[in-house]
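Here is a short briefing for a first look at this protein. Keep the sequence and the 3D view open while you read.

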Amino acid sequence: MKITLPFIIFLALSFVGSAQEISLSGVVKDSAGTGVDMANVIAINTATKGLESYGITNHAGQYKLKLKTANQYTVKVSYLGLKTESFTFTAGEVDAIKDIVMQEQAAQLDEVEVTYEMPVSVKGDTIVYNTDSFVSGTEKKLKDVLENLPGIEVNDDGQIEVEGKTVTKVMVEGKDFFDGDSKLAVENIPANALSKVEVLKNYNEVSQLKGLTNDDDNVALNIRLKEGKKKFWFGELTAGYGPDNRYLAHPKLFYYSPDYSINIITDLNNLGEVPFTRNDYRNFTGGFRNINSRGGSSIGIGSDGLGLSTAQNNRANDIDTKFAAVNFSYAPTKTLDLSGFGIYSYTGTMMKSQRSTTYIASDDIENATTNTDQTVHLGLAKLSARYKPNADLQLDYDALLKQSDDNEVVDVLSISDITDEISEVKKQKPLSVNQNINLYYTLNDKNIFAVEAQHLYQDEDPFYEAVRDEFAFTSIFPVDENQNVYNINQVKNVVTNKVDAKVDYYYVLGTKSNLNFTLGTTQNHQNFNSAIYQILDGGNTLDMTGSDYENDVTFNVSDLYLGFHYKVISGIFTFNPGLTLHQFNVKNEQLGNVVEDNLTSLLPDVYINAQLKKSENLRFNYRVTRSFTDVNKFAQGYVLNNYNSAYRGNRDLESALNHNLSLNFFSFNMFNFTNIFGNVTYTKRIDALKSSANIVGINRIGSTINSNFEDESLSANGRYERTFGKIKGSVRGSVSWSTTNNLIDNLQRTSNSFTQNYTGALSTNFKNAPNLELGYRYNVNNYDNGGRETTFYTSRPYARFDTAFLKNFIFTLDYDYYNYTDKDNTIGNRYSFLESNLTYQQQNSRWEFGIKGTNLFNTGILNQDSTNELYFSTQSYFVQPRYVLFSIKYDI
């Protein structure tokens, strides 16, 4: 990619943005001579009366302001609890130094008129960004604004990350916005409605528990609206049409008042812009918490029995989507809050791919061409109620309903030692209802109680059909081989009832220590049924009967536990060690008898936080967990996973023990807007649940075993971000290594995986000039399975450009280039994607007109690689062609 000219432009803009400036720096101290951390320093141009520069002091009280030469400024310094100081300063030709001493504020404060708002201010655990200070005018959505804010980014999955931590909750004016996901917020809240973005660190929804629990990884975002957007409907109506019958309709309406709010989002398009994917649906928690997060046990329930295909980067061969969502909140009284949402999504997807798979044990290679026609209906609904009559009592109730209707038809042409044409049909309508009720009560300053209970009901009914010329498992399944084709069908049903309940008692020893006693239980009950039959040429059915081909399993896991934790703050350190005693009972009933396992475990956990500075800490976590798998792994009758994979469970499985260690470092320096975070995680698994497979050519018969082979994984990631005036630079990287042991053809096979991802980027944030982001991503995937090694490389330079010109036009450009190769140079594919958008909107007009182009280079395919203990695979996906769309938008 030729980047010389854009880079020269980038440097020129940087020079223009920083020319003819000097720095005013110094130290802000209190009356005792101690540096004041997090004091606000602003410079007001005395001629224009405008805010010219701002800064926040670091831990030593240092500040720095960038000022234009030959101008006079009023510099003001403020900090809560200290008197505001100000002085007049004229910027000369050289840098200057000025120290400031702040005096204590009198107890009785007169009202202070706040004339200027800081672009960034810190209030305890809350960072407040004044969004007008960071936008250039080309931003359309919340996502565009957030990417301009120091310390905040939106990852590739559409989730908000703050200082390396994923945001768990997004609110608008203090009211939940589709609780349990941040993607809907970043993609739909209009940028022009924003006034402030508040980052709430150490967030806890229960005020009584704040400070008693470890909330360092809990981050929430609260959006403040401009005054003209409150108590009025606002939003936008967008429609578009283009050649090849491409269309877009995207109405959005929002209303906020102190007592109630409502958000309505709709989206219909066939451009490949999927607002809500199956991955989003599966990961959408609805804000439900893991009740036993500190208890140390993990009990699986299984999900997605079909393994439906997923579009790569939402760039399938053709995608048609319809989406509608409503979110509301209502406060009928001061003590009661009601809220909830409803979401419906339809996606029709056509996928086409070509895959080359090398099976390690047999050395066979399968080349397959796959055509997939998939329709997915997704539905979610949530209702929440919170009753809080006073500061000492809070009662919460939540109910979340999720249901989908999934249909997929897959045509596969498989070429290995034989050629087989296969047609697969996958259908399911899974349903889940999750409810929880929580009671929090403060008896007095020293005694606090929390009662939490949650019930999950889940019903899964995956159906699988394969029609093919050849059937790989005739030696196992009693099929009729005298048929023109093999038509094999499988029905399954898994019903889950899971109850989690616990009582926490907190005894507060003082302002810096407390004791926590926990009594809880998890009761998981699952029923599993399956059957396989063959449809014969004449339409008759051949049922495969017997314990090898039918499953009727009742599976129960009971966990009773008693936990103790002690939390104490000593100097810069917070210590929170704990022990949890578990009594487990596991029972599966099938084949006319019961297999039962009783186990007692004492599981420790340790949390240590070193608060090096106000905005810099080092955290250590160690936890031992015991994990139990779901009923699917216990059912001993055969089931079909796909056309070349059969599976049977193992009713004698036991739990696995996991040792988890993590070390996190975080530093956010508001003095020079430097954001650093790093994380190292190590996991060791003992008695792990491992796959056992017998391989015949490209076909496999799998099971699960407990293994005394020890598996390990180590991962590390980090990011460094620094802002230099209007220039932001960032470097991030992640590496992950794992070694796993499995049983293949009754022999141990060790698999090693080492993946590396690196990204570097520079971006500008000018208000009155074009903005450019240049970046480079580099990915290395190295796989070694049983001594057979392969490595894949992806180089990905990218560029983002946006500018406002001629007052009324906004132009954006988004370019990605991919160079995909392997170590042996047997694979080489270079491709790129270019998207562009041009809009026209007169000042003070509600109407906007635009033209948009996607995949302007008309790229045909993209690549992906994967591996496991059985095979290496590379796959090429056919993507949507070039689309051009003309649009019109009306701002409400």
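In what order do the three strands of the open sheet lie? The order is β11-β12-β13, and the pairing is antiparallel. The model is a predicted one.

**The three-stranded open sheet**

- Strands β11, β12 and β13 form this open sheet.
- Its edge strands are β11, at 152-154, and β13, at 165-166.
- Each of these edge strands pairs on one side only.
- Strand β12 covers residues 160-162.
- Two bridges link β12 to β13, in the antiparallel sense.
- V162 has K165 in β13 as its bridge partner.

**Strand β26 and its partners**

- Strand β26 runs through residues 393-415.
- One partner is strand β25, residues 365-390.
- The β25 and β26 pairing is antiparallel and counts 22 bridges.
- Within this pairing, D373 stands opposite V409 in β26.
- The link from β25 to β26 is a hairpin of two residues.
- Strand β27, residues 419-428, also pairs with β26.
- Ten bridges hold that antiparallel pairing of β26 and β27.
- I415 finds its bridge partner in β27, at T419.
- A hairpin of three residues leads from β26 to β27.
- Strand β28, residues 431-442, is another antiparallel partner of β26, with eleven bridges.
- Here A399 stands opposite Q435 in β28.

**The protein as a whole**

- How many helices and strands does the protein have? There are four helices and 54 strands.
- The C-alpha trace spans about 95 × 65 × 55 Å along its principal axes.
- The radius of gyration is 30 Å. A compact globule of 892 residues would have one near 29 Å, so the value agrees with that shape.
- Buried residues make up 50% of the 892 residues.
- Take the contacts with a separation of 6 or more: 65% of them are between residues 24 or more positions apart.
- The exposed surface comes to about 40,000 Å². Carbon and sulfur atoms supply 53% of that area.
- The protein carries 81 positive and 104 negative charges.

- Most residues other than glycine have a negative phi.
- K231 is not a glycine, yet its phi is positive, at about 60°.
- Look for K231 in the loop between β17 (219-225) and β18 (234-242).
- Is K231 buried or exposed? The relative accessible area of K231 is 54%, and the cut-off for exposed is over 50%, so K231 is exposed.
- D745 also has a positive phi, about 50°, although it is not a glycine.
- D745 lies in the loop between β45 (727-744) and β46 (747-764).
- D745 has a relative accessible area of 31%. Buried means under 20% and exposed over 50%, so D745 counts as partly exposed.

Methods:
Residues numbered from 1 in each chain as written. Predicted model: local features only at pLDDT ≥ 70, side-chain atom pairs only at ≥ 80, totals over all residues. Heavy atoms only, no water. Pairing = 2+ DSSP bridges. Rg over C-alpha atoms; globule rule 2.2 N^0.38 Å. Buried < 20%, exposed > 50% of the residue type's maximum accessible area, 1.4 Å probe, protein only. Contact = heavy atoms within 4.5 Å. Areas by Shrake-Rupley, 256 points an atom, 1.4 Å probe, with all protein chains shown as cover. Lys, Arg positive; Asp, Glu negative; His and termini not counted. Charge placed at Lys NZ, Arg CZ, Asp CG, Glu CD.
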